[in-house]
Amino acid sequence: SWRAKYGGKGVATSGGVGATNIFFPFIMLTAKIVEAKDHPSAEHLSVLKIDLGPGKKSHQLVSGIRKSYPSVPDALVGKTVIIIENVMASNFKGVKTSALLMCVETKSGKKVVILPDGTPPGAKLVPEGAKAAKKKFPGKDFSKTPITIDLDGIMIFESRKIKSDTKKVTLPAIPKDFCGTKLVI
């Protein structure tokens with residue numbers, strides 16, 4: 001399973017009898033998009049440069065969001081989003097990607113989960129009672145461990161709310177039109 005494959009040890013949750021271990025296979029962070037451009041050879045892909053906050057290395061990622069936005073730079077540069085950082089680097093049609101951008105699938109295509117202005121980049125997001133993985137995983141494995149958005153706009157993993165690991169960041173509710181969906185990449 002994920003735990004064995006990617007080095008997770010799990011965390012005993014409170015509750016005594018019947019308590020379970022939970023392993024969250026991702027390093028999920030808030031990130032600010034600082035640059036966006038069209039992929040040079042794929043009309044459905046966009047190339048984004050993201051900032052993870054002071055003292056952290058920036059990443060480049062490739063995402064299939066281009067068809068959902070008339071102008072990806074106008075729609076996303078300066079916005080704070082959610083990414084998964086511990087992805088094995090790979091190439092999408094010749095462009096290196098080292099993170100996954102969290103989106104939801106809507107009737108009009110993939111939409112990026114954009115956090116409110118003022119949300120700082122670099123905050124780690126984890127389910128209650130869990131610790132994040134440390135090993136990298138192949139991006140194609142993301143769909144095997146679904147993260148959903150409940151009807152109140154809260155991200156959920158294995159029945160647990162996903163929250164920031166710092167008191168400095170309160171993860172806001174995801175916009176209501178995304179409620180009841182699953183996060184995709």
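A salt bridge is taken here as a side-chain nitrogen of Lys or Arg within 4 Å of a carboxyl oxygen of Asp or Glu. The model is predicted, so that local features need pLDDT of at least 70 and side-chain atom pairs count only at pLDDT 80 or more, whereas totals for chains, interfaces and linings use all residues. Residues are numbered from 1 along each chain as its sequence is written, and side-chain values use heavy atoms, with hydrogens and water left out.

Two salt bridges were identified by this rule. In one, the side chains of Arg66 and Asp38 meet at 3.4 Å, N to O. Arg66 lies in the loop between strand S5 (59-63) and helix H2 (72-76), and Asp38 in strand S3 (residues 28-38), 28 residues apart; helices (H or I, at least four residues) and strands (E, at least two) are DSSP runs, numbered from the N terminus. Lys163 is bridged to Glu128, with the closest N and O atoms 3.1 Å apart.

Two aromatic pairs were found in the whole structure. Rings of Phe, Tyr and Trp (its six-membered ring) pair if their centres lie within 6.5 Å, planes under 30 degrees apart counting as stacked, over 60 as edge-to-face and the rest as tilted. Phe24 and Phe26 are edge-to-face, at 5.4 Å centre to centre and 90° between the planes. The Phe24 and Phe157 rings, with centres 4.8 Å apart and planes at 75°, are also edge-to-face. Phe24, Phe26 and Phe157 form one aromatic cluster.
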